[in-house]
Amino acid sequence: LDGHDGHHVSAVAFSPDGVHVLTGSFDPPAILWDAGSGAIVRRTSGHKSAVNSVAFSPDGLHVLTGSSDLTAQSWDAGLGGIVRTFFGHSYGLSSVAYSTDGSQVLTGSADHTAILWDAGSAAIIRTFSGHTQRVSSVAFSPDGTRALTGSDDNTAKLWDVESGAAIRTFLGHSNDVNSVAFSPDGTRVLTGSDDRTAKLWDVESGAVIRTFGTYSPITSVAFS
């Protein structure tokens with residue numbers, strides 16, 4: 001897929017039906033592609049700086065972009081227009097995610113916080129504060145009751161979505177945590193780090209189940 005004019009592609013996501021691919025890049029437009037043909041469907045044009053993270057809503061009707069311009073934006077996937085702008089971070093956004101029912105949005109930022117938003121109104125529900133460096137990655141648990149954040153402070157944290165309380169901190173990486181993910185059943189967490197390892201954790205105990213070693217920093221993780 002060639003369309004970002006040689007700029008670094010920072011984020012990719014498939015639509016829930018697998019028909020489209022969304023990419024974000026160091027050049028401001030995010031691009032929606034036809035996954036079958038590789039043709040560009042449309043370009044977004046609302047951000048003023050790099051798009052660092054992208055996501056589809058669970059129903060595929062909206063896309064979400066997070067940018068270094070301090071905002072996240074939701075877009076109509078069919079028409080391409082901006083539906084909502086989420087403004088509340090004081091530094092650029094690193095990561096965005098939809099809850100599994102699409103009613104909430106989670107964003108992580110270089111301001112060391114993650115923010116939970118109402119997806120429909122773009123109102124801030126609560127702020128998760130506790131990391132001491134950039135929040136690089138965010139994720140919702142499958143049941144939507146917990147949030148997971150990864151940070152350049154070498155940790156990941158588990159949060160209660162309803163109260164905003166920190167449940168536990170996952171300690172074990174020796175460098176930035178770049179990516180976090182929940183297992184489909186919500187009982188495991190996966191983290192990827194600049195320390196060249198990925199770690200599989202038990203959600204309830206916080207214990208490391210397995211460490212996967214590589215020869216390079218791990219920038220992204222996912223479960224099958």
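Two strands count as paired if DSSP finds at least two bridges between them. Keep that in mind for the first stop. The model on screen is predicted.

**Stop 1: the sheet.** Select β17, β18, β19 and β20. These four strands form an open sheet, in that order, with antiparallel pairing. Now look at the edges. β17 (177-182) and β20 (208-213) stand there, each with a single partner strand, so one side of each has no neighbour in the sheet. From one strand to the next, the twist averages 15°.

**Stop 2: β19 against β20.** Select residues 197-202, which make up strand β19. Five bridges join β19 to β20, and the two run antiparallel.

**Stop 3: Ser15.** Move to the loop between β1 (9-14) and β2 (20-25), where Ser15 lies. Is Ser15 buried or exposed? Its relative accessibility is 6%, and buried means under 20%, so Ser15 counts as buried. Show the side chain of Ser15. It reaches the backbone nitrogen of Val19 at 3.2 Å. Then display His20 and Phe56. Ser15 touches both, leaving aside residues up to four places away in sequence.

**Stop 4: Ser109.** Select strand β10 (residues 104-109), which holds Ser109. This serine is buried too, because the relative accessible area of Ser109 is 0%.

Definitions and conventions: Residues are numbered from 1 along each chain as its sequence is written. This is a predicted model: local features need pLDDT of at least 70, side-chain atom pairs count only at pLDDT 80 or more; totals for chains, interfaces and linings use all residues. Side-chain values use heavy atoms; hydrogens and water are left out. Axes are lines fitted to C-alpha atoms, for helices over the stretch in contact, and angles run from 0 to 180 degrees between N-to-C directions. Buried means under 20% relative accessible area, exposed over 50%, partly exposed in between (1.4 Å probe, protein chains only). A polar contact is a pair of N or O atoms within 3.5 Å; within protein, one must be able to donate a hydrogen and the other to accept it, and residues adjacent in sequence count only if both atoms are side-chain atoms. Contact means heavy atoms within 4.5 Å.
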